Amino acid sequence: MVSKVDINNDGIIDICEFIRMMSLQRNPLITPESQLQDVFRTFDREASGFITRDVLRQVLLSLAHPVTEEWIDELMKKGDRRKEGRLTRADFIRMMMNKK
């Protein structure tokens, strides 16, 4: 396992290599859906059950993710199936998992 993550082959596991190693560990109780539910809860700071375009924009900006208004519009168009101007948890998970 160590040789798989010691990217620079210096015999020392630095923090980035450690994180990579831990990410290779699989927990059958943690599913992609449960991870996305956690992410959604982080976005849904007011526990309203949905996130708006503005909230999505703020969160992406806070992550120092390069964001364009067009990209946010595209995410909302893809995820907001009811055309309400917000994403429910189910919308968000479906969008992130590329489900129709």
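Here are some notes on this structure, point by point.

1. **What you are looking at.** First things first: this is a predicted model. The protein has 100 residues, and 23% of them are buried. Its secondary structure comes to 6 helices and 2 strands.

2. **Surface and contacts overall.** The accessible surface of the protein is about 7,500 Å², and carbon and sulfur atoms hold 56% of that. Now take the contacts in the protein with a separation of 6 or more: residues 24 or more positions apart account for 34% of them.

3. **The core.** Which residues have the most contacts inside the largest nonpolar core? They are F43, I51, L56, L87 and F92, in a core of 14 residues. The elements that give two or more residues to this core are α3, α4 (53-62), α5 (69-79) and α6 (89-96). As background, nonpolar side chains tend to be buried together in soluble globular proteins.

4. **F43 as a way in.** Leaving out residues up to four places away in sequence, F43 touches I51, V55, L56, V59 and F92. Three of the names from the previous point turn up again here: I51, L56 and F92 are among the residues with the most contacts inside the core.

5. **Helix α3.** This helix has 12 residues and spans 17 Å from its first C-alpha to its last, close to the 16 Å expected at 1.5 Å a residue. Within α3, the buried residues include L36, F40 and F43. Those three sit on the same side of α3, because they cover an arc of only 55° around the axis. The general rule to remember is that an α-helix has 3.6 residues a turn, so residues three or four places apart point the same way. And what lies over the buried residues of α3? The cover includes β1 (50-52), α4, β2 (86-88) and α6.

6. Is S48 buried, partly exposed or exposed? Its relative accessibility is 37%, so S48 counts as partly exposed. The side chain of S48 reaches the backbone oxygen of F50 at 3.0 Å. S48 is also 40 residues from T88 in sequence, while their C-alpha atoms are 9.2 Å apart in space. A47 is found in this loop too. A47 has a relative accessible area of 66%, so it is exposed. Have a look at its backbone as well: phi of A47 is near 55°, a positive value in a residue other than glycine.

7. **Helix α6 and a buried aspartate.** The buried residues of α6 are D91, F92, I93 and M95, and what covers them includes α3, β1, α5 and β2. What does the side chain of D91 make polar contacts with? One partner is the side chain of R82, at 2.9 Å, and another is the side chain of R94, at 3.0 Å. If you set aside neighbours within four places in sequence, D91 is in contact with G79, D80, R81, R82 and R86.

8. **K78, over in α5.** K78 is in helix α5. With a relative accessibility of 46%, K78 counts as partly exposed. K78 and D91 are 13 residues apart in sequence, and 8.9 Å separates their C-alpha atoms. Apart from residues up to four places away in sequence, K78 touches M95 and N98.

9. **One more positive phi.** K83 is found in the loop between α5 and β2. Phi of K83 is near 55°, again a positive value in a residue other than glycine. K83 counts as exposed, because its relative accessibility is 62%.

Methods:
Residues are numbered from 1 along each chain as its sequence is written. This is a predicted model: local features need pLDDT of at least 70, side-chain atom pairs count only at pLDDT 80 or more; totals for chains, interfaces and linings use all residues. Side-chain values use heavy atoms; hydrogens and water are left out. Helices (H or I, at least four residues) and strands (E, at least two) are DSSP runs, numbered from the N terminus. Buried means under 20% relative accessible area, exposed over 50%, partly exposed in between (1.4 Å probe, protein chains only). A polar contact is a pair of N or O atoms within 3.5 Å; within protein, one must be able to donate a hydrogen and the other to accept it, and residues adjacent in sequence count only if both atoms are side-chain atoms. Contact means heavy atoms within 4.5 Å. Accessible areas come from the Shrake-Rupley method with a 1.4 Å probe; for residues, only the protein chains shown count as cover. A nonpolar core is a set of buried Ala, Val, Leu, Ile, Met, Phe, Trp, Tyr and Cys residues joined through side-chain atoms within 4.5 Å. The expected span of a helix is 1.5 Å times one less than its number of residues. The arc is that of the directions from the helix axis to the C-beta atoms.
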